[in-house]
Amino acid sequence: MNFTLPPEIEAVRDMVSRFMQNEVVPVMEEYEKRQEFPRELIRKAGEAGLYGAVFPESVGGSNMGYMASAVIIEEMARHEVRFTSCNNQQGGTCPTCIYLGGTPEQVRKYVPNLVAGKTIGMMSLSESGSGSDAAGAMKTFARRDGDVYRINGEKMWASIANETDVGILFAKTDRDAGAKGVTAFIVEPKKYPGFTARPIDMLGMSKSFRTCVISLDDFVVPVENRLGEEGEGFKIIMRALQPGRLNVAAKCLGLAQACFEDAVRYANERTVRGQPIGKFQMIQSDIAEMASAIEASRGLVYRTAYSMDNALPSNRIAAIAKYHASQTAKMCADKTQQIFGGYGLASEFRASRLRVYADMLYNGEGSANIQRIIIAEDALGYKVADRHHGKTRLRDVRQTDVAAVAE
Ligand SMILES: Cc1cc2nc3c(=O)[nH]c(=O)nc-3n(C[C@H](O)[C@H](O)[C@H](O)COP(=O)(O)OP(=O)(O)OC[C@H]3O[C@@H](n4cnc5c(N)ncnc54)[C@H](O)[C@@H]3O)c2cc1C
């Protein structure tokens, strides 16, 4: 067993670190103050290859794989977690759904521009009454009307929906068929009428990347933009959620590492009663707990990535990695804020905002309880977490076979 990363992935980490330090960190606060969406920065990140690691070269990716992708996301979050708010839309769930479930024409038309950061993505599954039970409680309905669908309803928590050019939106096409009544659509809100996105006011979250409520009023989607067949939407999103969990776990890991580095620096700098607070054993206890949890999370995140790169059953380990890393992020953000004392609440220190992001990631891409259910039901023999492994007809997001897209 080899616990070291290949040199090409360490080189990618260095490249991402330089990109974040040179291009993103110096200007992110200015974007936040202006409440401006950093479209140009996203294009630069796409150009640098930050969104395309798991996609084949035929659609603009680098085909480096999930390990490289996890390291990229970890490093991005370590430097500026707010800037990772669109990773899912540019390099995660949104293009993955299109790649997994789309026709070769749809894949060619939409995926390359998303991973290049040229078009802005979106993934809209949740509604006000349907989060963890996404399919069962979904109300938004798509009615076929000749060559188009007309979609009516309200979606909730759609990140950057106010900026999106091309997104994935899920709606029922059969109200009585449960999960089999959910259909996925590639939507283009700027091109067709009936789509309004309104940012939700959220305490402590980015003012540049907004999460939105979407009102759909006879919103038009051409039939050719349906993703897969009617009723296949839930299967597509379930497949995309497994890499999505790895992405969120890697983000949690980067956030935890950022907290840890800030805590160590501050504990060495801040003096109380004539000595650095790092000399107090209770502060040392916090530092030790953070270091141990981060190493364990890193092991789980990289093991999940290894498993996915080698096409091994990965659903169970992805749930464990996401659960552990999100707990670690929450714990590290909390301890760091305490180590900063009163300054942990001052907005000039990033420790003041990392905790909100840790809370958000704890719930995103399947809440902590949902991960616990997957892990425990597998352990108790009620439901095998990897029961669908190798059984899906959907395209493999990492297949190198260019012909599959060109067919
Ligand atoms: C900032 C932000 C950005 C987001 N971006 C997007 C996006 O881009 N696209 C999108 O579609 N969604 C997005 N979401 C929605 C997110 O995925 C949901 O919040 C998440 O799925 C949880 O759903 P919910 O909030 O409705 O909670 P609920 O499902 O109502 O759950 C509430 C609580 O009950 C618990 N619970 C639920 N079921 C069970 C059970 N069976 N057993 C035990 N406990 C249970 C949950 O763990 C949670 O603690 C975003 C959310 C936030 C906050």
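Helix axes here are lines fitted to C-alpha atoms over the stretch in contact, and angles run from 0 to 180 degrees between N-to-C directions. Helices (H or I, at least four residues) and strands (E, at least two) are DSSP runs, numbered from the N terminus. You're working with a predicted model: local features need pLDDT of at least 70, side-chain atom pairs count only at pLDDT 80 or more, and totals for chains, interfaces and linings use all residues. Residues are numbered from 1 along each chain as its sequence is written.

**Exercise 1.** Work out how α7 and α9 are arranged.

*Solution.* Start with the axes: helix α7 (residues 233–269) and helix α9 (residues 315–339) come within 8 Å and cross at roughly 25°. Angles under 35 degrees count as roughly parallel, over 145 as roughly antiparallel, 65 to 115 as roughly perpendicular and the rest as oblique. That's why α7 is roughly parallel to α9. Next, the hand: α7 passes α9 in a left-handed crossing (the near helix is turned anticlockwise from the far one by less than a right angle; clockwise would be right-handed). Finally, sort the contact of α7 with α9 by class: 20 nonpolar, five polar and four charged residues. For this sorting, Ala, Val, Leu, Ile, Met, Phe, Trp, Tyr, Cys and Pro are nonpolar, Asp, Glu, Lys and Arg are charged, and the others, Gly among them, are polar.

**Exercise 2.** Now do the α5 and α7 pair.

*Solution.* The axes of helix α5 (residues 93–101) and α7 come within 9 Å and cross at roughly 135°. These two helices are therefore oblique to each other. As for the hand, α5 passes α7 in a right-handed crossing.

**Exercise 3.** Trace the strand partners of β3.

*Solution.* Strands pair if DSSP finds at least two bridges between them. Strand β2 (residues 141–145) pairs with β3 in the antiparallel sense over five bridges. Look at Phe141, which stands opposite Asn152 in β3, then at Ala142, whose bridge partner is Ile151. The two strands form a hairpin with two residues between them, and Gly146 in the turn has a positive phi of about 65°. With strand β7 (residues 211–222), β3 pairs in the antiparallel sense over nine bridges; Tyr149 stands opposite Val221 there.
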